[in-house]
Amino acid sequence: MQIKKRYFVVALVLLLGLTTFSFANPKEEMGSKKTAKGISETVANDKIEEHSYSEALEAVEDAEENPTEETVETARNEIRNANNATEEQVQNLQQRVDVVEETIDVAALVKEVEVLAEVKETREQAKAKYSNAETEVNKLEEGDVKDNLENRLAKVSRLLNDTTAPTITGITNGSIVNKSENIYVNDEFLERVMITGPNSKGEVVTKEFTKEDFTEDSENLNISLKYKANYEGEWTVVATDKAGNTYTETFTIDKTAAEVEVSKSNNDKSTNKDVTVTL
């Protein structure tokens with residue numbers, strides 16, 4: 001009896017072991033799946049992190065172009081999220097943002113001078129603040145931020161000292177032409193162009209063009225307007241810049257051929273009459 005009991009106990013233990021193994025095996029498969037999923041998520045996160053660094057770099061560049069508390073805060077947040085960036089890259093970005101933060105007050109002063117210079121009524125205030133802004137910009141460390149602010153102040157200086165009227169090309173003042181003409185108006189600070197001339201019905205109309213209609217050429221420090229004069233009649237172009245300089249040109253389009261009467265002596269001796277030919 002004791003031997004049979006021992007066999008029974010051994011068999012029971014073996015049975016329980018097999019049951020445990022069969023239940024444990026699916027768990028291992030689940031663990032394996034989880035591990036594979038974890039690797040997949042890690043790869044995806046790596047891609048997000050790599051993108052995060054490029055966003056941080058873009059945010060820093062934006063802050064350098066437009067130094068404000070908002071752009072600086074955005075840049076710092078993006079730097080913190082750039083987990084895939086090297087320590088050297090992070091330090092470089094942080095140093096660039098530190099420089100921007102130091103220039104915020106100076107950038108605000110430059111912006112104020114720019115705004116005042118744009119309006120005729122506040123231009124004298126801009127002149128009064130310009131020297132202070134120039135002094136503060138000169139104190140900044142050399143770099144992209146300082147270069148940007150210097151370029152902006154240089155443009156303000158050109159506006160405050162602008163005594164040159166806009167140029168009008170493509171036509172000659174007082175001329176008479178027999179075809180449609182392209183009118184080009186150019187000036188760095190072009191503000192308004194008034195063009196008066198006939199429309200398709202022969203009515204004299206005036207069209208006003210403002211900044212939204214102009215094309216900017218930043219490379220040549222210029223903005224321009226192109227307009228085609230199509231119809232016969234007298235045309236007047238008046239161009240005004242932000243400094244109040246004005247230039248006017250007039251011209252006439254005449255596409256109708258002239259009629260000329262020419263008298264010739266008749267060689268026919270029998271009739272002895274003159275013949276009039278109209279050209």
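**Entry 1: helix 5**

How many residues does helix 5 have, and how far does it reach from its first C-alpha to its last? I was working with a predicted model, so I kept that in mind throughout. I found that helix 5 covers residues 144–160, which makes 17 residues, and that it reaches 25 Å.

Next I asked which residues of helix 5 are buried. My list reads Val145, Lys146, Asn148, Leu149, Arg152, Leu153, Val156, Leu159 and Leu160.

I then moved to Thr122, which is found in the loop between helix 3 (87–118) and helix 4 (123–138). What lies 2.7 Å from a polar atom of the Thr122 side chain? I found the backbone oxygen of Leu116 there. Leaving out residues up to four places away in sequence, I have Thr122 touching Val115 and Leu116.

Lys129 has its place in helix 4. Its relative accessibility is 31%, so I put Lys129 down as partly exposed. Which residues does Lys129 touch, not counting those up to four places away in sequence? I wrote down Glu112, Val113 and Leu116. For the pair Lys129 and Glu112 I also noted the separation: 17 residues in sequence, and 8.7 Å in space from C-alpha to C-alpha. Leu116 turns up in the contacts of Thr122 and again in those of Lys129.

In what order do the strands of the four-stranded open sheet come? I read the order as 1-3-7-6, with antiparallel pairing. The edges are strand 1 (167–169) and strand 6, each of which pairs on one side only. On average, neighbouring strands of this sheet are turned by 25° against each other, direction ignored.

I took a closer look at strand 6 and strand 7. They pair in the antiparallel sense, and I noted three bridges between them. Within the pairing, Thr215 stands opposite Ser224 in strand 7.

Leu221 lies in the loop between strand 6 (215–217) and strand 7 (222–229). Is the phi of Leu221 positive or negative? I found it positive, near 50°, in a residue other than glycine. I flagged that for myself, since most residues other than glycine have a negative phi. With 45% relative accessibility, Leu221 counts as partly exposed.

- Strand 2 and strand 9 run parallel and are joined by three bridges; Ile176 stands opposite Thr252 in strand 9.
- Strand 9 (residues 246–253) pairs with strand 8 in the antiparallel sense over eight bridges; Thr236 stands opposite Thr250 in strand 9.
- Strand 8 (residues 233–241) and strand 4 (residues 190–198) run antiparallel with six bridges; Ile195 stands opposite Val237 in strand 8.
- Strand 4 and strand 5 (residues 204–209) run antiparallel, joined by six bridges; Gly197 stands opposite Val205 in strand 5.

**Entry 2: two hairpins**

Which residue takes a positive phi in the hairpin of strand 8 and strand 9? I found Gly244 there, with phi near 90°, in a hairpin that has four residues between the strands. The hairpin of strand 4 and strand 5 has five residues between the strands, and in it Gly202 takes a positive phi near 85°.

How values were computed. Residues numbered from 1 in each chain as written. Predicted model: local features only at pLDDT ≥ 70, side-chain atom pairs only at ≥ 80, totals over all residues. Heavy atoms only, no water. Expected span 1.5 Å × (residues − 1). Buried < 20%, exposed > 50% of the residue type's maximum accessible area, 1.4 Å probe, protein only. Polar contact = N/O pair within 3.5 Å; in protein donor to acceptor, adjacent residues only side chain to side chain. Contact = heavy atoms within 4.5 Å. Pairing = 2+ DSSP bridges. Axes fitted to C-alpha atoms, helices over the stretch in contact; angles between N-to-C directions.
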